[in-house]
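Please read them with the model open.

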Amino acid sequence: MHWLVLILSGALEAVWATALAASGGFSRPRPTVLFAVSLLLSMVGLAWAMTALPTGTAYAVWVGIGAVGTVLLAVARGEERLGGARAVLLVVLVACVAGLKAVA
């Protein structure tokens, strides 16, 4: 259960990062509220997951999932391009996250 919450919290990190960018410096209400809610839930989930998982591993997995998710959201929204090298590096990052879970 702790791993599932950690993965969902990492996905929420991508949501809050994307909402933060869309908030226009907190001048747009909807993305600002989405940012605040997803940030709170992401942090609560990370904190809870860290009660049973090693801190370094949990944080690295959370950041990795959030980073990959943020890039994929930006690509899906047409804000960034996903070239071949970038795609390979994201796959390597996902493999490292999976590796951390495998050895934890």
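1. Among contacts in the chain between residues at least 6 apart in sequence, 66% join residues at least 24 apart. Keep in mind that this is a predicted model.

2. Secondary structure. The chain has four helices and zero strands. Read from the N terminus, the order of elements is α-α-α-α.

3. Overall dimensions. How does the radius of gyration of the chain stand against that of a compact globule? For 104 residues, a compact globule would come near 13 Å; the chain has 14 Å, which agrees. The C-alpha trace spans about 40 × 35 × 15 Å along its principal axes.

4. Burial and surface. Of the 104 residues, 31% count as buried. The accessible surface of the chain is about 6100 Å². Carbon and sulfur atoms account for 75% of that surface.

5. Helix 1 against helix 2. Helix 1 covers 2-22 and helix 2 covers 29-49. Their axes come within 7 Å and cross at roughly 155°. Angles over 145 degrees count as roughly antiparallel, and helix 1 and helix 2 are therefore roughly antiparallel to each other. The crossing of helix 1 past helix 2 is left-handed. On the helix 1 side, the contact is made by His2, Val5, Leu6, Ser9, Leu12, Glu13, Val15, Trp16, Ala19, Leu20 and Ala22. Helix 2 contributes Pro31, Leu34, Phe35, Ser38, Leu39, Leu41, Ser42, Gly45, Leu46, Trp48 and Ala49.

6. Serine 9. Is serine 9 buried or exposed? Its place is in helix 1. Serine 9 has 2% relative accessibility; buried means under 20%, so serine 9 counts as buried. Leaving aside residues up to four places away in sequence, serine 9 touches Leu41, Ser42, Gly45, Leu46 and Trp62. Among these, Leu41, Ser42, Gly45 and Leu46 are also listed for helix 2 in its contact with helix 1.

7. Phenylalanine 26. This residue lies in the loop between helix 1 and helix 2. The cut-off for exposed is over 50%.

Key
Residues numbered from 1 in each chain as written. Predicted model: local features only at pLDDT ≥ 70, side-chain atom pairs only at ≥ 80, totals over all residues. Heavy atoms only, no water. Helix = DSSP H or I, 4+ residues; strand = E, 2+ residues; numbered from the N terminus. Rg over C-alpha atoms; globule rule 2.2 N^0.38 Å. Buried < 20%, exposed > 50% of the residue type's maximum accessible area, 1.4 Å probe, protein only. Contact = heavy atoms within 4.5 Å. Areas by Shrake-Rupley, 256 points an atom, 1.4 Å probe, with all protein chains shown as cover. Axes fitted to C-alpha atoms, helices over the stretch in contact; angles between N-to-C directions. Parallel < 35°, antiparallel > 145°, perpendicular 65-115°, else oblique. Left-handed = near helix turned anticlockwise from the far one by under 90°.
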